Amino acid sequence: MTRIILGALLGFLLLSLGVRAQQLASAESIFRTRPYLQNPVSGGITVTWLTNVPAYSWVEYGTDTLDLKKVHTIVDGQVICNNYIHKIRLESLEKGKTYYYRVCSREILVYKAYSKTFGHTVASGFHAFKLPNKHETDFTAIIFNDLHKHHETMEALHEKIKDVDYDFVLFNGDCIDDPANEAEAVHSLSFYNDKVGATEIPVFYLRGNHEIRNAYSIQLRQLFDYPGNKTYSAFNWGDTRFVLLDCGEDKPDDHWVYYGLNDFTGLRQEQTVFLRHELKSKAFRQAGKRVLVHHIPLYGNDSEYNPCLELWGDLLKKAPFNVSLNAHTHVYTSHAEGSLGNSFPVVIGGGYDMKDATVMVLTRRGRLMTLKVLNTRGEVLEEFEL
């Protein structure tokens, strides 16, 4: 009887505030996705998750679950809330230490100028992560490409590397292709994240040309946290330098299918300046190993349209990369150093079809870096010492 009376009082209170009782979500339904880790660079990491309802969200974290810090996102003095996509940056982390974190969301029922009404508060379980020390050499990275939302292909590839102890994951483009709406994009994103354990393993989503297409393509970047807030970047994992480039579309900006709404010429020119600076930087020059990653191959691309090679080819001629990891062609192949004018080995992943799909395992142990390429049957197609 007491519960009935309290429920009636709560319903009356909500109605008096202009809130319908059915808008109060159950605690179990507030989270839409699990948290996923991104952008583990410069001594920080970003925790991202989605809710089904507008919420005020924060992260609690620390090296001890009994001694936690609370952090939320503040922009221009205002806490970011009453939203569905939550990106919280954890800064000033000590490299080499294990951190524990959980995400928390409090439903917002009413957000008015002079009144706020909250619903349930929920917290996830604890998850852990660790950033590498500056001079650490050893790591393992997993690289997927061109999945094109074919989840059965991801299932088959993941089955072959599920026992690998990896440190981070790179999705090298065309994995969330032609996103029509948020629901479609989040469905595939959540599937990939859950498969690779992105609650504790950082993920990088590089943009392929198909992520640029369809109605939700512009909004897609809301789900990601790019280093430097750019779709191209450079970062260190220990003393290995990764340089990620965005080749844009595979046809000229004035092609009829783009309706005059693309300017990848400008983006590529912007990256020319970035690449020139990066190749001269202390971080690049002092790196123990260097890995170039981009979706559309500069070398081994059958298309006559190859503006990236025209712009960046001279810069890369003497660049001491150990390997370039590419995608896009849907046919696995590799090109030895110097075979196509390339000054480093080029390895191009396969497509989404079961018979063509590949996954790459990039491993460094001390001075030795290796790359292993597997297919959906678990066969090693090729293994490189880099």
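Reader: Which residues form the negative surface patch?

Author: Glu-136, Asp-138, Asp-165 and Asp-167 form this patch. A word on the ground rules: this is a predicted model, where local features need pLDDT of at least 70 and side-chain atom pairs count only at pLDDT 80 or more, while totals for chains, interfaces and linings use all residues. Residues are numbered from 1 along each chain as its sequence is written, and side-chain values use heavy atoms, with hydrogens and water left out.

Reader: What makes these residues a negative patch?

Author: Asp and Glu count as negative, Lys and Arg as positive, and His and the chain ends are not counted. A patch takes residues with over 30% relative accessible area and no salt bridge, joining like charges within 9 Å and nonpolar side chains (Val, Leu, Ile, Met, Phe, Trp, Tyr) within 5 Å. Each charge is placed at NZ of Lys, CZ of Arg, CG of Asp or CD of Glu. Glu-136, Asp-138, Asp-165 and Asp-167 are grouped on these terms.

Reader: Is Asp-165 buried or exposed, and why?

Author: Buried means under 20% relative accessible area, exposed means over 50%, and partly exposed is in between (1.4 Å probe, protein chains only). Asp-165 has a relative accessible area of 66%, so the word is exposed. Its place is in the loop between α2 (151–161) and β11 (168–172); helices (H or I, at least four residues) and strands (E, at least two) are DSSP runs, numbered from the N terminus.

Reader: Which residues make up the positive surface patch?

Author: Lys-95, Lys-134, Lys-282 and Arg-285 do. Lys-134 is found in the loop between β9 (127–130) and β10 (139–144). With a relative accessible area of 60%, Lys-134 is therefore exposed.

Reader: What accessible area does the nonpolar patch have together?

Author: Trp-256, Val-257, Tyr-259 and Leu-261 share about 550 Å². Such areas come from the Shrake-Rupley method with a 1.4 Å probe, and for residues only the protein chains shown count as cover. Take Trp-256, in the loop between β14 (240–244) and α4: at 62% relative accessibility, this residue counts as exposed.

Reader: Which residues of helix α6 are buried?

Author: In α6 (residues 307–316), they are Pro-307, Cys-308, Trp-312, Gly-313 and Leu-316. Their cover includes α4 (264–280) and β15 (289–293), where contact means heavy atoms within 4.5 Å.

Reader: How many salt bridges does the structure hold?

Author: There are 19. The term asks for a side-chain nitrogen of Lys or Arg within 4 Å of a carboxyl oxygen of Asp or Glu.

Reader: How do you know that Arg-32 and Glu-182 meet in a salt bridge?

Author: The N to O value for their side chains is 2.7 Å, so the pair passes the cut-off. Arg-32 lies in the loop between α1 (2–16) and β1 and Glu-182 in helix α3, so the pair ties together parts 150 residues apart in sequence. Arg-32, at 30% relative accessible area, is partly exposed, and Glu-182 is partly exposed at 27%.

Reader: Which residues are linked with Arg-213 in a network of salt bridges?

Author: Glu-249, Asp-250 and Lys-251 are linked with Arg-213 in that network. The side chains of Glu-249 and Arg-213 meet at 2.7 Å, N to O. Glu-249 lies in the loop between β14 and α4, and Arg-213 in the loop between β12 and β13 (233–237), so this pair ties together parts 36 residues apart in sequence. Asp-250 and Arg-213 form a salt bridge as well, at 3.1 Å, N to O; the pair links distant parts of the chain, 37 residues apart.

Reader: Why do Glu-249 and Asp-250 get their accessibility labels?

Author: Glu-249 has a relative accessible area of 2%, so it is buried. Asp-250, with 22%, is partly exposed. Arg-213 counts as partly exposed at 21% relative accessibility.

Reader: What is phi of Asn-39 and of Lys-149?

Author: Phi is near 55° for Asn-39, a positive value in a residue other than glycine. For Lys-149 phi is near 65°, again positive in a residue other than glycine. Asn-39 sits in the loop between β1 (36–38) and β2 (45–64) and, with a relative accessible area of 7%, is buried. Lys-149 is in the loop between β10 and α2, and its 24% relative accessible area makes it partly exposed.
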